[in-house]
Amino acid sequence: MAEEIVNRVANSKLVTIDLEDFYPSGQRVKFDISDWLFEGLLLREKDFRDQVKNHDWSQYKDAYVALGCSTDAIIPSWAYLLLSTQLNPFAKKVIVGDLELLETVLFSEIIGNLEVDSFQGKPVIIKGCANKPIPQSAYSFLIERIQPVAKSIMFGEACSTVPLFKNK
């Protein structure tokens with residue numbers, strides 16, 4: 001009589017966290033302010049305000065928007081604030097920076113609100129492979145959040161993990 005094959009991983013208390021599961025859906029948009037500058041370098045307040053007034057902001061509904069400037073122009077802070085006031089009624093999130101910073105901010109908020117009770121005293125694997133753009137800092141945010149409660153933390157897949165932390 002053959003022995004029954006037992007999946008010890010499935011029967012363990014091991015918890016796998018895949019940050020890709022937390023990836024917020026929605027379009028990411030890089031809004032380049034240089035398109036509204038004189039010769040791409042100079043902000044003329046009246047012209048800029050006219051552009052803001054006449055722009056269709058509804059196209060950013062439910063989008064995540066990163067405001068930035070692709071030229072070496074010096075942009076006054078109020079310009080980004082003015083754009084934010086128009087985007088906020090439509091966009092899910094507005095930041096000043098690039099798309100990588102946008103993802104970092106999103107994951108900082110998501111992980112900051114993560115309920116960690118389910119990881120109390122359990123071994124945790126943080127899945128490493130992702131098809132979506134998960135910022136590297138998201139993994140550090142996650143470690144910071146779960147380390148005080150997890151029994152141990154590993155990185156990778158259940159079949160081949162790299163140990164990172166073990167609670168004594």
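Modeller: What follows is a conversation about a predicted model, beginning with the whole chain and then turning to single residues.

Colleague: How many helices and strands are there in the protein chain, and in what order do they run?

Modeller: The protein chain holds 5 helices and 7 strands, and from the N terminus on the elements run α-β-β-α-β-α-β-α-β-α-β-β.

Colleague: What makes you say that the protein chain is more spread out than a compact globule?

Modeller: The globule rule gives 15 Å for 168 residues, whereas the radius of gyration of the protein chain is 22 Å, which is well over that value, so the chain is described as more spread out than a compact globule. As a further description, the C-alpha atoms fill a box of roughly 85 × 35 × 25 Å along the principal axes. Buried residues make up 38% of the 168 residues, and the accessible surface comes to about 10600 Å², of which 51% belongs to carbon and sulfur atoms.

Colleague: Why is R28 called buried?

Modeller: A residue is buried when its relative accessible area is under 20%, and R28, with a relative accessible area of 18%, therefore counts as buried. R28 lies in strand β2, and, leaving aside its neighbours within four places in sequence, R28 is in contact with Y23, Y64, L99, L102, E103 and L106.

Colleague: How do you know that E103 and R28 form a salt bridge?

Modeller: The rule asks for a side-chain nitrogen of Lys or Arg within 4 Å of a carboxyl oxygen of Asp or Glu, and the closest N and O atoms of E103 and R28 are 2.7 Å apart, so the pair meets the rule. The pair links distant parts of the chain, with E103 in helix α4 (residues 99-112) and R28 in strand β2, 75 residues apart. Both E103 and R28 are buried, and the side chain of R28 also reaches the backbone oxygen of G26 at 2.7 Å.

Colleague: What makes the pair of K127 and D18 a salt bridge?

Modeller: The closest N and O atoms of K127 and D18 are 3.5 Å apart, which is within the 4 Å of the rule, so this pair is called a salt bridge as well. Here too distant parts of the chain are linked, since K127 is in the loop between β5 (123-126) and α5 while D18 is in the loop between β1 and β2, 109 residues apart.

Colleague: Are K127 and D18 buried, partly exposed or exposed, and why?

Modeller: The relative accessibility of D18 is 11%, which is under 20%, so D18 counts as buried.

Colleague: Why is E144 called exposed?

Modeller: Exposed means over 50% relative accessible area, and E144 has 60%, so the word applies to this residue. E144 lies in helix α5 (residues 136-146).

Colleague: Where does F38 lie, and why is F38 called partly exposed?

Modeller: F38 lies in the loop between β2 (28-32) and α2 (45-54), and its relative accessibility of 37% falls between 20% and 50%, so F38 counts as partly exposed. Together with L41 and L42, F38 forms a nonpolar patch on the surface, with about 280 Å² of accessible area for the three together.

Colleague: Which residues of helix α3 are buried, and what covers them?

Modeller: The buried residues of helix α3 (residues 77-87) are A79, Y80, L82, L83, S84 and L87, and what covers them includes β2, α2, β3 (64-68) and β4 (93-96).

Methods:
Residues numbered from 1 in each chain as written. Predicted model: local features only at pLDDT ≥ 70, side-chain atom pairs only at ≥ 80, totals over all residues. Heavy atoms only, no water. Patch = residues over 30% accessible without salt bridge, like charges linked within 9 Å, V, L, I, M, F, W, Y side chains within 5 Å. Areas by Shrake-Rupley, 256 points an atom, 1.4 Å probe, with all protein chains shown as cover. Helix = DSSP H or I, 4+ residues; strand = E, 2+ residues; numbered from the N terminus. Buried < 20%, exposed > 50% of the residue type's maximum accessible area, 1.4 Å probe, protein only. Rg over C-alpha atoms; globule rule 2.2 N^0.38 Å. Polar contact = N/O pair within 3.5 Å; in protein donor to acceptor, adjacent residues only side chain to side chain. Contact = heavy atoms within 4.5 Å.
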